[in-house]
Amino acid sequence: MYQGVNASEGIGIGTVMVAVDPDLTFDPHEVSDTAAEKERYQAALAVFCEKTQAQADHMKVAVGEAEAEIMAGHIMLAQDPGMTDAIAAGTCAEKALVDTSTMFENMFLSMDDEMFRLRAADIADIRTGILAELLGVEVVDLSVLPENTVVVVHDLTPSMTATIDKEHIAGIVTETGGRTSHSAIIARALEIPAVLSVANSCSALTNGMPVIVDGGQGIVIAEPDDDVLAEYQTKAKEYAENKAALEAFRGKETVTADGIKKILGCNIGSPDDVANALDHDAEAIGLFRSEFLFMDATELPSEEEQFQAYRKVATALKGAPVIIRTLDVGGDKAIPYLHMEPEENPFMGFRAVRYCLENPDQYKVQLRALLRAGAFGDVKIMIPLVTCVEEVRAVKELVEECKKELECEGLKYDENIEVGVMMETPAASLIADKLAEEVDFFSIGTNDLTGYTMCADRGNDHISNLYQVYYPAVLRSIKNIIESGVNAGIMVGMCGEAAADPLLEPLLISFGLEEFSMSAPSILRARKTISQWTKAECDELAEKALACSTAAEVKELLEAAAR
Ligand code: PEP
Ligand code: MG
């Protein structure tokens, strides 16, 4: 049994598939029998095309026609005769393939049209596929998986999750990452049981091994015996039944036991996630992480592209509010085409609003798109990583500039758009009263607030005991932010992962939190928890929690009180 971080709850029972980067190194050499070398290349190409066709057929059914066409397009590109010409001149097949494909790749990359530039990534995929066949190396393709696969990877990147075969994944195990790392957030949104930070799991777990992933407990059990398997099959059934029971809360108001109204929001990373949020009964979008729009592109998305994306969300919500966070670049969110200088300490460096204010022309593109989308729904702008009033005022000035420009251009926009602060730094917490005078709302980002308050990186498992929201320092900070906002009469929400923690929710009710925003699958459970507490009961518990000296005491108290 292996213990890791309980990143996404649920029980997954399946078979291991280890996804490691394939070793595609080779020794470039000259060949004398070019005909035989061409034959070797053609044989590898045939296998590649056959596998790709099988993937395309599967994708057509499992994912969609458009994605299947992209795969089928790979076959056409791979069969381009240019790929083999270099072999005739005496170059080995591997080198001929790498040289020719790199030439095509660079040619596509230099084109103005986005469509063509995207083909460069296809060429790179084709190169990997054929090269692997030539070298006899296995490449794990996460987009087409056998049923009940438990994927074991060193780290699950956002780009991997974009193509992953969600239908057939029973669980995810990684060697790195914590509960609030983006891989964990994505796994929860996809409702895939996940255990992260299992040391050496890529070597300890091997392909084909039967395995159980208990995402709630953070446990991975390899080669379970019949008794253990039966026990977990029962647990999986119970988990599914409990989930089904939450359906009773669908369509209901979110209110405490004594009738105080709360808002349950959902966190999203793309306009396409809105449908899933609404499916899970979200009442608002409490956080749209706009940086994913930037991460999925190969250059800065234009005002029009951003406007379309934000408007799509605003209209889909039919009047319900959406808080869109402006570009939160840096830290663990790299955007290669921005070519930002490497930093000694990127989490305390040139990132988020700091980067945006240094690049006002670029920032205004996003602000204009947000203002324009505001004409189609209830769009609110949120500024990430604020540490001082000056930053907020500077952003608000840019917003005003953008409004004037849009007015002159005769474009529709929301002249009363709300601007709020993501409360995620100790500095912002300490001046919460001052910030509350400047903005329309707060949303507490406990993922960063916990890390910066405790000086503990959210992804570093060596210090994961320090990265806990139950520490008195973090609780006091949260209380101060909520009370400062409430006193100033502005809306206070929370979009960090702590909003979905059933242990913490009674304390948040006591402090006066209005909006709880989380990943879609947590929404009905949170509505149930909120419905089980009166304000007076929450206040009594909060008083005891705030009197505790250690995180362990707080957690023990909250666990004993949990309903
Ligand atoms: C946070 O910091 O709490 C947050 C919600 O933002 P992110 O996880 O994207 O940093
Ligand atoms: Mg953050």
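The structure is a predicted model, in which local features need pLDDT of at least 70 and side-chain atom pairs count only at pLDDT 80 or more, while totals for chains, interfaces and linings use all residues. Residues are numbered from 1 along each chain as its sequence is written, chains are lettered from A and ligands numbered from 1 in the order in which they are written, and side-chain values use heavy atoms, with hydrogens and water left out.

Let us start with the whole chain. Its 23 helices and 16 strands are DSSP runs numbered from the N terminus (H or I of at least four residues for helices, E of at least two for strands). Along the principal axes, the C-alpha atoms fill a box of roughly 85 × 70 × 45 Å. Buried residues make up 51% of the 563, where buried means under 20% relative accessible area, exposed over 50% and partly exposed in between (1.4 Å probe, protein chains only).

Now turn to the metal. Which residues coordinate the magnesium ion (ligand 2)? They are E424, through OE, and D448, through OD, at 2.1 to 2.2 Å. Donors here are N, O and S atoms within 2.8 Å of the metal (3.2 Å for Na, K and Ca), and water is not among the atoms, so sites may look incomplete. E424 sits in the loop between β13 (418-423) and α16 (426-430), and D448 belongs to helix α18 (residues 446-454), so the pair ties together parts that are 24 residues apart in sequence. Both E424 and D448 are buried.

Eight of the nine residues of α18 are buried, among them T446, N447, L449 and Y452. Just after α18 comes C455, with a positive phi of about 50°.

Our last stop is V137, in the loop between α5 (114-135) and β4 (149-153). V137 is partly exposed, at a relative accessible area of 25%. Leaving aside residues up to four places away in sequence, V137 touches P22, D23, L24 and A132; contact means heavy atoms within 4.5 Å. From V137 to N416 the C-alpha atoms are 58 Å apart in space, and the two residues are 279 apart in sequence.
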